[in-house]
Amino acid sequence: MGFLLRCVFLWAMLQRSYMQIAVPATEFNCCEGDILLLLDSSGSVANYEFSRLLLFAAELLRPFSLGRGHVRVGLLQVGTNPNLEFGLDVHNNQESLQRALRSVSQLQGDTNTEVALSVAQRLLTETEEKVPKILLWLTDGVQPGDVDKPMSELKEQGVSVLAVSTVHGNYQVLQRAVTPPLESHLYSVDIDNIEIITEDLKEAIIKIIRAERLRVVHLTSHSAVLQWRPVLSAGSGYYDFRYNTVEKTSRESRRVLPDTSSWVELTNLQPDTSYTASLRPESNQRLFNTLSVNFTTLPDVLSPAVVSVSASGPHQIHVSWGPLQPARVQRYTVEYGAIPAGHVRMVTLHSQQNSTLLTGLEPGTQYLVTVTALHVNGKERAMSVKACTPEALPALADLQLTPVGHQEVHVAWQAHQEGLKGYWLSWERENSRSSSSKPSISSTYLPSSSRSTRLTHLAPSSRVCVSPIYSSGRGDGICCNAERHSDSNRWG
């Protein structure tokens with residue numbers, strides 16, 4: 001009869017748990033850290049106890065935001081051989097984690113905790129994640145083996161060990177295993193009443209992995225963005241934020257930020273200067289630690305810090321520069337002249353422009369290009385680069401169109417052969433769908449051995465263009481209109 005009642009109670013608990021899973025819960029965005037569940041899955045744990053431990057773990061972890069930058073959760077089962085049910089990077093949301101916890105099957109077998117702890121040590125310590133790490137041991141405490149040494153090694157490497165055991169566990173072994181304080185990190189509880197420790201254990205975990213830190217998320221020579229995890233509830237207080245140079249060369253700046261804040265941007269900072277900042281949450285509900293951070297702004301970068309040029313043809317060069325600083329620059333001037341003694345020309349541009357096209361240049365010529373920025377403080381900064389225009393490519397020598405039939409024309413041309421790769425031919429083709437529709441543009445590439453071709457279905461007054469293609473680019477082409485005489489439907 002007692003067994004039947006216990007089964008009914010378990011069924012009711014499972015049903016209640018599944019109903020709760022379907023309801024979205026408010027997730028804590030308070031914490032960042034790794035939690036590895038070390039779950040006793042050996043034969044000494046009754047099926048009922050195993051299910052209750054899983055339900056407890058699901059409820060305990062339900063409020064936390066999951067994933068990198070939040071809380072990562074893994075599950076390692078203890079049996080004859082350890083089984084990593086899922087690693088720390090597998091579940092990034094509560095729905096996925098809760099579904100995985102519901103599908104865990106018990107291993108049975110021996111309680112080989114020592115071997116499982118070697119796997120736990122690798123998972124928690126052999127990682128680049130510099131976040132708090134917790135090993136949460138869920139066990140019946142029966143013959144756990146010699147765990148003193150591996151537990152001590154974990155704690156020496158900065159892992160916090162917490163434990164939950166049923167009342168018949170070996171309390172002395174558990175006491176030596178956990179990280180102080182024992183009153184909040186070690187729980188021995190009857191499995192039927194395990195839910196009574198959920199809130200206390202949750203608070204203990206939050207104290208370890210609460211992300212109480214102020215960090216710099218963006219930095220320039222004159223600004224910084226600082227971010228923190230919100231710890232104040234709406235209407236409960238404010239943030240007292242202060243900053244100054246480390247050398248205290250100026251008066252300390254102070255800002256009072258609303259309780260909904262999670263970041264602040266600092267502007268008008270000095271370049272290449274070390275600053276210290278502090279954030280103190282002020283609340284009428286509880287005391288919070290003061291967070292602080294030191295940072296150094298980047299060295300000053302004045303425009304133009306980089307100038308790049310690219311030839312856009314034998315007669316023009318595209319010039320660009322950066323960074324664009326419209327708030328600090330009045331105007332830009334671009335001076336250019338042929339080397340060594342060509343005439344110098346100048347272009348003046350507004351502060352929001354960071355590129356221009358220099359035209360009217362000589363082909364195959366080296367130019368000196370200088371970009372100068374006049375800053376609002378009256379200072380000038382200039383940077384010069386050299387650029388070469390390519391040699392002018394030979395143009396097409398001749399192009400002839402000869403009518404050969406209705407909407408057909410014979411196209412012939414001549415070009416310089418040195419370095420020639422082929423020809424690019426384009427023309428207007430009559431649209432087959434409707435005589436009143438706009439003609440479509442057709443094009444084709446022909447090898448260098450070609451000297452002529454025949455085009456069909458030309459549109460009236462079709463424009464035919466042929467350009468020579470060389471290894472260094474396209475030469476100037478020739479275009480002709482193929483006129484069709486309407487009275488005789490012939491081309492001419």
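Modeller: The model is predicted. Strands E21 and E22 (residues 408–414) pair in the antiparallel sense over seven bridges. In this pairing, Gly-405 has Glu-408 of E22 as its bridge partner.

Biologist: Which strands form the open sheet, and in what order?

Modeller: The open sheet consists of three strands in the order E21-E22-E25, with antiparallel pairing. Its edge strands are E21 (398–405) and E25 (452–455), each of which pairs on one side only. From one strand to the next, the twist averages 20°.

Biologist: How is a pair of aromatic rings described?

Modeller: One gives the distance between the ring centres and the angle between the ring planes. Planes under 30 degrees apart count as stacked. The count here comes to five aromatic pairs. One of them joins Tyr-275 and Phe-295: the ring centres are 5.7 Å apart and the planes lie at 15°, so this pair is stacked. The pair links distant parts of the chain, since Tyr-275 belongs to strand E12 (residues 274–283) and Phe-295 to strand E13 (residues 291–296), 20 residues apart.

Biologist: Are Tyr-275 and Phe-295 buried or exposed?

Modeller: A residue is buried under 20% relative accessible area. Tyr-275, at 5%, therefore counts as buried, and Phe-295 is buried at 6%.

Biologist: Where is His-91 placed, and which side chain does its own side chain meet in a polar contact?

Modeller: His-91 lies in the loop between strand E3 (83–86) and helix H3 (94–102). With a relative accessibility of 8%, His-91 counts as buried. Its side chain makes a polar contact with that of Ser-96, at 2.5 Å. Beyond its neighbours within four places in sequence, the contacts of His-91 include Leu-66, Gly-67 and Phe-86.

How values were computed
Residues numbered from 1 in each chain as written. Predicted model: local features only at pLDDT ≥ 70, side-chain atom pairs only at ≥ 80, totals over all residues. Heavy atoms only, no water. Phe/Tyr/Trp six-rings, centres within 6.5 Å; stacked < 30°, edge-to-face > 60°. Helix = DSSP H or I, 4+ residues; strand = E, 2+ residues; numbered from the N terminus. Buried < 20%, exposed > 50% of the residue type's maximum accessible area, 1.4 Å probe, protein only. Polar contact = N/O pair within 3.5 Å; in protein donor to acceptor, adjacent residues only side chain to side chain. Contact = heavy atoms within 4.5 Å. Pairing = 2+ DSSP bridges. Axes fitted to C-alpha atoms, helices over the stretch in contact; angles between N-to-C directions.
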